Amino acid sequence: MHPDLIAERFTLRPLREADASAITAACQDPEILKWCMGVPLNYTEETARNYISFTCAAGEQGTELVWGIDASGKLAGIVTLHEIEGPFAELGFWAHPESRGQGLLTEALRVMIGFAFDPQGLGFDALGWTAIYGNDASRHVAEKLGFSDIEFVENGTAGRLDAASAPTRLDAWRATMTQQQWLEKNFRVS
């Protein structure tokens with residue numbers, strides 16, 4: 001259920017212990033901290049090792065699938081399918097600061113989405129994308145992937161806990177793509 005996915009410029013593979021330092025370095029990046037609410041503010045190598053352990057267990061259970069983008073031995077980013085419920089999952093992704101602007105993230109997401117929709121892969125019917133309102137980079141990637149009908153949702157996504165450890169909500173952009181929409185947008189016959 002959680003295989004390596006091989007492309008020309010990279011391999012998508014489950015995370016491993018050796019990724020801890022690269023994940024820790026990436027999770028110090030102000031852009032990742034600003035837009036990825038699930039990334040703790042004081043990220044350490046121990047945090048990374050715990051995250052890697054979590055992803056391995058979640059992958060075995062099929063509750064969340066996380067792939068590292070391995071570009072010639074360097075971790076270029078992470079792509080995920082999370083909130084898996086039946087034939088639906090939500091996308092998650094970030095690029096390592098040193099790997100941005102090379103198209104790797106969009107390419108990796110295309111590979112992962114293809115596997116997610118493939119009846120011989122995961123066979124999902126639909127995928128969702130949610131980003132904090134104002135995250136133009138994430139929206140740009142989503143649009144390149146073919147997500148359309150992007151809507152604004154007030155208080156549409158979880159924020160960080162406040163000073164009293166209470167959950168907060170942030171405005172969001174959200175869209176869904178069906179398997180049929182993916183096929184129509186990515187495999188047009190001219």
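**A residue and its chain**

Modeller: In this predicted model, buried residues account for 45% of the 190 residues in the protein chain. Is Trp182 buried or exposed? Its relative accessibility is 5%. Buried means under 20% relative accessible area, so Trp182 counts as buried.

The wider setting comes next. The protein chain contains six helices and eight strands. In sequence order, these elements give the pattern β-β-α-α-α-β-β-β-α-β-α-β-β-α. The radius of gyration of the protein chain is 16 Å, close to the 16 Å from the globule rule for 190 residues, so the chain is as compact as a globular protein of that length. Along the principal axes, the C-alpha atoms of the protein chain fill a box of roughly 55 × 40 × 35 Å.

Contacts and surface complete the description. Of the contacts in the protein chain between residues at least 6 apart in sequence, 59% join residues at least 24 apart. The protein chain exposes about 9,900 Å², and carbon and sulfur atoms supply 50% of that area. As for charge, the protein chain carries 15 positive and 26 negative side chains, and the centres of these two sets are 5 Å apart.

Note on methods:
Residues numbered from 1 in each chain as written. Predicted model: local features only at pLDDT ≥ 70, side-chain atom pairs only at ≥ 80, totals over all residues. Heavy atoms only, no water. Buried < 20%, exposed > 50% of the residue type's maximum accessible area, 1.4 Å probe, protein only. Helix = DSSP H or I, 4+ residues; strand = E, 2+ residues; numbered from the N terminus. Rg over C-alpha atoms; globule rule 2.2 N^0.38 Å. Contact = heavy atoms within 4.5 Å. Areas by Shrake-Rupley, 256 points an atom, 1.4 Å probe, with all protein chains shown as cover. Lys, Arg positive; Asp, Glu negative; His and termini not counted. Charge placed at Lys NZ, Arg CZ, Asp CG, Glu CD.
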